[in-house]
Amino acid sequence: MLILLKIWEQMKILTTTNHSKLAVIITAAGSSTRIGGGIKKEYLPYKNGTVLSASANVFLTAVYPKLELSLLVVTCPQGGVEAARAALYSSPEFEKNLGNVKLVIREGGASRQESVFAGLKAVKENCPDAAYVLIHDGARPFVSGQLASNVASAAVEFGASVPGLTPVDTQKEVDENGFVIRHLVRSSLAAVQTPQGFEFCRLYEAHLKAAGEGGREFTDDTEIWGQYCGAVKVIPGEVNNIKITYPSDLEKL
């Protein structure tokens, strides 16, 4: 009887720790031309490291129910692998937080879509059994671990998820001449953020199809998912989860 009880307890431990694998892609392949100053915004100093390392540390320390973070992919400009690595390891906490998570730094493309696809290919090569993926802008260092966890959980439940906020200002649609042509209802609108979470295999296949579209460029991964896979669940975003874009945003660092 005792032997059977021990076997049952061991099986229980195995079943409770058998989590699906999660990969995180942080995009930092842009040129940061709007920020000025001659340095990429992701490499600006922040929190005893850089904007990029702060963003990465959030995902490395977040709690993901039912998921095991196995791979971190960071995209960078062409020829910028070592600069990205230096920006990550500038944080004293990064290496400790990384632990057993595999790090891959991959050169991106000319557009965000191409860079994310490069990141997805890196996931396919280095963690082919990844079940889910989170995609985040490297220039959003104010994201919380709770939001990362919430997005991942919603992706598990719905297949695809994105954080969003109802716009504060009244929204209008205008024509090419600047005239209002439609009055939009704020309650049915969402200003979406990152991270965005997806079932990995379905998003990868959707990106393959999107790459075959030729001249069409998609604004983000939720648009690609919506085109080829289905609906995306919107969950509450965070007011402070802004993307550093203009010089004035640096005042928040």
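Residues are numbered from 1 along each chain as its sequence is written, and side-chain values use heavy atoms, with hydrogens and water left out. Because the model is predicted, local features need pLDDT of at least 70 and side-chain atom pairs count only at pLDDT 80 or more, while totals for chains, interfaces and linings use all residues.

**Aromatic pairs**

The structure holds six aromatic pairs. Here, rings of Phe, Tyr and Trp (its six-membered ring) pair if their centres lie within 6.5 Å; planes under 30 degrees apart are stacked, over 60 edge-to-face, and the rest tilted. Two of the pairs are set out below.

| Pair | Centre distance | Plane angle | Class |
|---|---|---|---|
| Tyr46 and Phe142 | 5.8 Å | 80 degrees | edge-to-face |
| Phe117 and Tyr204 | 6.0 Å | 50 degrees | tilted |

The Tyr46 and Phe142 pair links distant parts of the chain, 96 residues apart. Tyr46 sits in strand β2 (residues 45-46), and Phe142 in the loop between β6 (132-137) and α6 (145-158). Helices (H or I, at least four residues) and strands (E, at least two) are DSSP runs, numbered from the N terminus. Tyr46 and Phe142 are both buried, a word that means under 20% relative accessible area, with exposed over 50% and partly exposed in between (1.4 Å probe, protein chains only).

**Around helices α5 and α7**

Phe117 belongs to helix α5 (residues 112-126) and Tyr204 to helix α7 (residues 200-211), so their pair ties together parts that are 87 residues apart in sequence. Both Phe117 and Tyr204 are buried, and together with Phe200 they form one aromatic cluster.

The helices themselves pack at an angle of about 135 degrees, with the axes of α5 and α7 10 Å apart. Axes are lines fitted to C-alpha atoms, for helices over the stretch in contact, and angles run from 0 to 180 degrees between N-to-C directions. α5 and α7 are therefore oblique to each other (under 35 degrees is roughly parallel, over 145 roughly antiparallel, 65 to 115 roughly perpendicular, and the rest oblique).

**Charges over rings**

Lys121 lies over the face of Phe117, at 4.5 Å from the ring centre. Lys40 is placed over the face of Tyr43, at 5.5 Å from the ring centre. The test asks for NZ of Lys or CZ of Arg within 6 Å of the ring centre and within 35 degrees of the ring normal.

**Cysteines**

Searching the whole structure turns up zero disulfides, meaning pairs of cysteine sulfur atoms within 2.5 Å. Cys76 counts as buried at 0% relative accessibility, whereas Cys201 is partly exposed, with a relative accessible area of 44%.
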